[in-house]
Amino acid sequence: MTTTAQTSQPGRTASTTPTQRKPHPYLPMQVLLAFLVVYFLIPFWWVIVNSSKNASGLFGGSNALWFAEDIDFVGNVVDLFSYDNGIYLRWLGNSAVYAFVGGVGATALAVLAGYGFAKYRFAGRRFSFAVLLGAVMVPPTALVIPTFILFSQLGITNTMWAVILPTLLNPFGVYLMHVYSRDAVPDELIDAARVDGAGEFRAFLQVALPLLRPAMVTVLLLSVVASWNNYFLPLAMLSDNTLYPVTVGIGQWQGIASANNAGGTSLWSIIIMGALISVIPLIIAFLSLQRYWRGGLSIGSLK
Amino acid sequence: MTTPIDEDAGAHAHDDAPRQTSVRARTRTHREPLRRQLTGWLFVAPFALVFLAFLVAPLLYALYLSLYRDALIGGRRFVLFDNYVKAFTDPSFIEGASFVIRFSLVLIPLQMVISLAIALMLDTLTNRFMRTSRLLIFLPYAIPAVIGALMWGFLYSRNFGPLTDVFGLIGQPAPDFLSRDLIFAGLLNIVVWQWAGYYMIILYAALQGIDPTLYEAARIDGASTMQIILRVKIPLIMPALVLILVFALIGTLQFFNEPQILRYLAAGTIGPDFTPNMYAYQQAFSLANFNYGSAISFALGAVVFVCVYIFMFVTRKRGSFLS
């Protein structure tokens, strides 16, 4: 890969006049990139193609990467949403609740704390911040089993709260908001608001918050993705399948279908369709919020 | 995309990163009026509560539980480090731990080289094709690990996958990535596919933040493209590289979702003790062995913490991200 980069022209300055030199100085690199894009898209393509097949199309030994004779896309969607009294729709709804409540809550806490760390000097601040940085390095899954045991003693396992409450914890989000608040909100601006008679909280809401918007969207998106994609935590916490998020639900279907390989053939087509539909909401979110996260994701990695 | 950070970094007369708070910050703490200190605490308080309840409390509780053993006869009994001794002499835990460590050692360099190479390519040229590629390569990040593993599981599968057809064309038997010999490669591919795009976006954003006049200056000094990459671009994005390395390390050592999902498809290859996290899950939820499960969780958390901490300490001069 690097050899390809070597033959091409470097830097943004050269990119303005590539057509004037040779026909396509960047062609080898673009071809390589096209191959990579194909690789990254193959699983999506497989799922789209195979979600249109019925059981005989799936197992009939037809081409795995192309559509079967009879496309049964609608039939599979109907099967998916009617299976087990439409439990799939419920799972989607649960995922949305977990992702939304957990994501918004985690973001709100991160914005407040990040701003507090960046703009106030209080006793114990340095120590608390050091502890926070240490917490970034604690793997979240190491907390799942102890949290489960704690929750079971409080009697709140197998409830929505058992999934939502632990997702409120996002130390990395606090770190990002701290870095961003420190650099994007000038102290002079807050001081000016104070001189004008605004209280501390009003200065935060009306002066600082609008400036923090790009970082907020990024932290929100990261938190929502983390809770939408979460698997270990809900798998441990929930035993009632009407509370499952879509990840745990599909995982369970897949276990059932694999266990009885012969009888489970009809389940495979709804699993594939379920996988396809479950990825659509986040893809839409990412495509529509591009302009925010593209810049925001680099917070904390720039000096 | 540039962020306000690089636009006005350095424009700040006083940078109050915790490491640099020396005498000046300490004297400022005392000068700050008490009421304002209290406001600072109020901003941090809601997160602090969540932090205590869902991080500190579970960790302490896990530590407590891990020092006891529940027996049918005699009830709960204090055993000090017996559970840890058991874990570190338990072949299941040792093999799981050695698997995730070997996996990290292969995965992390591979993933970093791939995401860096793509980021460097995307940084060279901007047109519609490059912009679209960037987005499409990033897309797997939005896919739940469970679904990603499921999709690749299908692609690897003898029943549904295209590998038999593809290798049939050249008259070769298809490799079985769910078999004992190739599961390492199979999982490697899934994780690279899932995360390379995310890391690429972080690196790409960092590359875009570099002042292009540096490249011209280097070129005037006679630097080749390769030299510009190695001597200008990579050193300048070092904080971003450290950031993704830490993410990758934390993520890989707690490996759970992908092998857990492929377990069904790769029956016999992936056991319930394939990774330490799967083993802890099995101990706690299949065998109701909560003390031992807690000990494994705590040991795993401690190992990850120490590994990352040592890494950060070693790389601190290179511009670590947490500073």
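Reply: Happy to! Over all chains, the count comes to six salt bridges, a salt bridge being a side-chain nitrogen of Lys or Arg within 4 Å of a carboxyl oxygen of Asp or Glu. This is a predicted model, where local features need pLDDT of at least 70 and side-chain atom pairs pLDDT 80 or more, while totals for chains, interfaces and linings use all residues. Residues are numbered from 1 along each chain as its sequence is written, chains are lettered from A and ligands numbered from 1 in the order in which they are written, and side-chain values use heavy atoms, without hydrogens and water.

Me: What makes A:Asp187 and A:Lys119 a salt bridge?

Reply: Their closest N and O atoms are 2.9 Å apart, and the cut-off is within 4 Å. A:Asp187 lies in helix α12 (residues 187-195) of chain A and A:Lys119 in helix α7 of chain A, so the pair ties together parts 68 residues apart in sequence. Helices here are DSSP runs (H or I, at least four residues), numbered from the N terminus.

Me: Why is α9(A) called oblique to α15(B)?

Reply: Helix α9 (residues 144-154) of chain A and helix α15 (residues 290-314) of chain B pack at about 140°, with axes 8 Å apart. Angles run from 0 to 180 degrees between N-to-C directions, and axes are lines fitted to C-alpha atoms over the stretch in contact. Under 35 degrees is roughly parallel, over 145 roughly antiparallel, 65 to 115 roughly perpendicular and the rest oblique; that makes α9(A) oblique to α15(B).

How values were computed: Helices (H or I, at least four residues) and strands (E, at least two) are DSSP runs, numbered from the N terminus.
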